[in-house]
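Take your time with the picture, then follow the questions below.

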Amino acid sequence: MTNKDFLALIEKEATSIDYDRYLKQLTYKKISSDEKLAVFEVSNKYVASWIKSKFTGLIQNCFEQYDGTKPKVEIKIAGEKKSKKEIIKEQVRNETAESTILNPSYTFDSFVVGPSNQMAYNASLAVSNKPGTQYNPLFIYGGTGLGKTHLLQAVGNAAIEKGQTVIYVTIEQFMNDFTFSIKNKNMEHFRSKYRKCDVLLIDDIQFLSGKEQTQEEFFHTFNELHNAKKQIVMTSDRLPSQIAGLVDRLKSRFEWGLTADIQIPGLETKIAIIEKKSELNGIALTREIINFIATNLDNSIREIEGVLIRINASASLLNQDITLEMVQGLLKEQIKETKENIKLPDVIDIVARELNIKPSDIKSKKRTATVANARRVVIYLARELTHNSMPDIAKFLGMKDHSSISHNIKKANELIEKDENFKLIIENLKNKIINKEW
């Protein structure tokens with residue numbers, strides 16, 4: 001099989017995203033007549049590790065289709081020459097980090113920094129530059145899908161690039177490893193694996209709660225690494241002090257270094273994230289579409305990534321352009337679900353707070369310019385973000401009938417088209433309401 005033959009096959013079998021991002025980088029090297037071994041070259045360790053862990057089966061299927069063989073797959077770094085000593089060292093490192101599979105796209109360069117995650121980003125970068133010397137441990141906490149795992153793996157990818165041994169696991173994997181080692185009377189291997197690495201990365205540490213025996217083992221692992229000035233980075237959905245069922249001595253140690261939180265991203269950061277993710281995935285989106293996604297999805301970066309994949313797949317499979325109407329159709333159910341959770345009092349409360357006006361004034365008969373503008377904003381957002389009809393909104397605001405509601409919505413739409421400041425106010429308020437910042 002030639003390299004051209006292989007790429008033609010793998011392109012048919014893989015998704016366009018996987019092929020464009022990783023698999024097209026493979027160069028097939030037939031260095032011997034051994035049909036049981038297929039050797040490839042790629043440009044760097046990240047891509048080699050990712051392809052080996054995720055796509056070995058897919059590569060083997062391509063060979064099976066082509067000539068009926070199913071060879072072992074070996075992936076090398078192009079132009080790399082190793083001494084025997086380096087080869088032995090790498091074998092040891094690979095065995096030590098056998099459970100460490102890092103996403104090569106999770107790097108500091110691909111992380112979008114904003115006010116909501118600036119501290120966590122800076123701390124992770126500092127740890128990456130000087131592991132084990134400051135902020136040890138680093139404890140990153142925040143809600144689901146905000147980028148904790150991205151930063152955790154960015155630290156790991158940077159460490160691997162420097163030739164350091166890295167263990168990245170979820171706390172569940174750590175517990176399973178521990179239980180398996182006890183059962184098979186192989187604790188020596190377990191302790192060697194976790195206590196002799198340069199960097200230990202633990203995801204979702206909150207699930208250590210209530211696991212007394214595992215907590216005891218993790219306590220000793222932590223002490224060994226910390227005393228040896230090896231870097232420890234953990235993520236959680238809450239502060240150490242808020243993890244119920246965690247022994248005090250672990251809570252104390254988790255707070256020895258630095259705790260840094262990742263908060264819900266603001267609208268500008270969400271827009272930047274969508275721009276970055278769509279650029280990395282080769283998805284062309286207009287400013288109008290980007291704004292629509294940012295103001296209609298909640299705070300989860302993971303959800304944004306999922307939506308972008310759906311948009312790209314839909315455009316590719318249906319052979320259609322990515323338009324605002326197409327994206328609105330794809331997100332219809334998600335937006336509907338969001339609307340069901342937003343109530344009229346929520347809209348009034350957040351608009352009143354952000355525009356520095358009393359909620360009672362918005363529902364009053366006052367007609368000053370400030371009150372009328374706030375009322376118009378509430379009407380527009382209530383119609384956009386809730387399931388309430390125009391008569392429902394009129395009744396709630398104490399207005400005569402729905403014709404006034406219709407007039408205000410029309411006026412708001414005109415202002416959005418002509419007044420950039422009014423449009424920005426609407427988008428910011430919409431984002432805060434969707435993210436339940438009341």
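Q: How many helices and strands does the protein chain have?
A: In this predicted model, the protein chain holds 21 helices and eight strands.

Q: What share of the residues in the protein chain is buried, and what makes a residue count as buried?
A: A residue is called buried when its relative accessible area is under 20%. Of the 438 residues in the protein chain, 46% are buried.

Q: Why is K148 called buried?
A: K148 has a relative accessible area of 9%. The cut-off is under 20%, so K148 is called buried.

Q: Where does K148 sit, and which residues does K148 touch?
A: K148 lies in helix α6, which covers residues 148–161. Setting aside residues up to four places away in sequence, K148 touches I140, Y141, G142, G143, T235, S236 and I262.

Q: How do you know that the side chain of K148 makes a polar contact with the backbone oxygen of G143?
A: A polar atom of the K148 side chain lies 2.8 Å from the backbone oxygen of G143. The limit for a polar contact is 3.5 Å, and 2.8 Å is within it, so the pair counts.

Q: Which residues carry the feature "binding site" in UniProt?
A: The UniProt record, an unreviewed entry, places that feature at G145, G147, K148 and T149.

Q: What does T149 touch, and in which helix is T149 found?
A: T149 is found in helix α6. Leaving aside neighbours within four places in sequence, T149 is in contact with Y106, Y168 and D203.

Q: What makes T269 buried or exposed?
A: The relative accessible area of T269 is 8%. Exposed would need over 50% and buried needs under 20%, so T269 is buried. T269 has its place in helix α11, residues 267–280. Beyond residues up to four places away in sequence, T269 touches V112, G114, P115 and S116.

Q: Which residues does UniProt list for "domain: Chromosomal replication initiator DnaA C-terminal", and how much of that span is helix?
A: The unreviewed UniProt entry lists residues 343–412 under that name. In the model, this span is 73% helix and 0% strand, and its end C-alpha atoms lie 20 Å apart.

Q: How many positive and negative side chains are there, and how far apart are the centres of the two sets?
A: The protein chain has 63 positive and 57 negative side chains. The centres of these two sets lie 2 Å apart.

Conventions:
Residues numbered from 1 in each chain as written. Predicted model: local features only at pLDDT ≥ 70, side-chain atom pairs only at ≥ 80, totals over all residues. Heavy atoms only, no water. Helix = DSSP H or I, 4+ residues; strand = E, 2+ residues; numbered from the N terminus. Buried < 20%, exposed > 50% of the residue type's maximum accessible area, 1.4 Å probe, protein only. Lys, Arg positive; Asp, Glu negative; His and termini not counted. Charge placed at Lys NZ, Arg CZ, Asp CG, Glu CD. UniProt positions renumbered as here; feature names shortened; annotations may be inferred. Contact = heavy atoms within 4.5 Å. Polar contact = N/O pair within 3.5 Å; in protein donor to acceptor, adjacent residues only side chain to side chain.
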